[in-house]
Amino acid sequence: MTIIPASASKLFEARFAIDGPHIDNRELWEEVEEYVQGIECRRAFIALDRRNKILGYIECKLEETGLPPGAPPVQGLEKLGHIARLGVREEDRGKKIGTKLLEEAERWLRSMGRSGAWLDFHSQNVGAIKLYTRGNYLDEVAFPDKKPGNKEKRLRVIAKKTWAV
């Protein structure tokens, strides 16, 4: 497996392949383009197998991007990088791809002078819980997910990890 920085087209390909064809292509492309335009303060990485098949992706940001809707304030996030998205193909989960992507994002955030990283996830996402617990992310706060269409009344969790600069 190889992890490389993602261009806009590769990030689009990864997001489409992993997040599913149910996503509106135009909306996804605009989101990816906007993401890549802020490249000095954002990075995306993709994991590829030997045949260049996309296995997963991760997006991280330096700037304070704001908390998810409904989240209470959390102290200290302004000094941390933000892991904005992480996805691994369903058939490739459990192979440490998410761990390797997370480590790569953390390396980049550290090289940019951040003293840690924060992320958020759904409290029922067992895979995310395992990955972030193994990665030493500590839960800071749980809150109701206020995103439109949240019929299951799921909770979101904000977790963070710090390191020496």
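Predicted model: local features only at pLDDT ≥ 70, side-chain atom pairs only at ≥ 80, totals over all residues.

User: What kind of aromatic pair do Phe 121 and Tyr 132 form, and why is it called that?

Analyst: The ring centres of Phe 121 and Tyr 132 are 5.3 Å apart, and rings pair if their centres lie within 6.5 Å. The planes stand at 45° to each other. Stacked pairs need under 30 degrees and edge-to-face pairs over 60, so the pair of Phe 121 and Tyr 132 is called tilted.

User: Which parts of the chain does this pair tie together?

Analyst: Phe 121 belongs to strand β5 (residues 116-122) and Tyr 132 to helix α4 (residues 126-134), so the pair ties together parts that are 11 residues apart in sequence. Ring pairs also bring in Tyr 137, which forms a cluster with Phe 121 and Tyr 132.

User: What makes the pair of Phe 12 and Phe 16 a stacked one?

Analyst: The centres of the Phe 12 and Phe 16 rings are 6.2 Å apart and their planes make an angle of 10°. The distance is within 6.5 Å and the angle is under 30 degrees, so the pair counts as stacked. Both residues lie in helix α1 (residues 8-19), 4 residues apart, which is about one turn of the helix.

User: Why is Phe 16 called partly exposed?

Analyst: Phe 16 has a relative accessible area of 29%. Buried means under 20% and exposed means over 50%, so a value in between makes Phe 16 partly exposed.

User: How do you know whether Ala 14 is buried or exposed?

Analyst: Ala 14, which is also found in helix α1, has a relative accessibility of 0%. This value is under 20%, therefore Ala 14 counts as buried. Leaving aside neighbours within four places in sequence, Ala 14 is in contact with Asp 19, Ile 46, Ile 54 and Tyr 57. Between Ala 14 and Ile 46 there are 7.3 Å from C-alpha to C-alpha, although they are 32 residues apart in sequence.

User: Is Glu 59 buried or exposed, and what does its side chain join?

Analyst: Glu 59 lies in strand β3 (residues 54-61). Its relative accessibility is 1%, which is under 20%, so Glu 59 counts as buried. The side chains of Glu 59 and Arg 15 are joined at 3.4 Å. This is called a polar contact because the distance is within 3.5 Å.

User: Where does Arg 89 lie, and what lies 2.5 Å from its side chain?

Analyst: Arg 89 is in the loop between β4 (81-88) and α3 (97-111). A polar atom of its side chain lies 2.5 Å from the backbone oxygen of Ile 54. Not counting residues up to four places away in sequence, Arg 89 touches Ala 17, Ile 18, Lys 53, Ile 54 and Leu 55.

User: Which residues have the most contacts inside the largest nonpolar core?

Analyst: They are Ile 83, Leu 109, Tyr 132 and Tyr 137, in a core of 25 residues. Elements that give two or more residues to this core are β2 (42-48), β3, β4, α3, β5, α4 and β7 (155-162). Helix α3 supplies the largest share, 6 residues. Apart from this core lies another of 12 residues, among them Ala 6, Leu 11, Ala 44 and Tyr 57.

User: How many helices and strands does the protein chain have, and how much of it is buried?

Analyst: The chain has 4 helices and 7 strands. Of its 165 residues, 43% are buried.

Definitions and conventions:
Residues numbered from 1 in each chain as written. Heavy atoms only, no water. Phe/Tyr/Trp six-rings, centres within 6.5 Å; stacked < 30°, edge-to-face > 60°. Buried < 20%, exposed > 50% of the residue type's maximum accessible area, 1.4 Å probe, protein only. Polar contact = N/O pair within 3.5 Å; in protein donor to acceptor, adjacent residues only side chain to side chain. Contact = heavy atoms within 4.5 Å. Core = buried A, V, L, I, M, F, W, Y, C linked by side-chain atoms within 4.5 Å.
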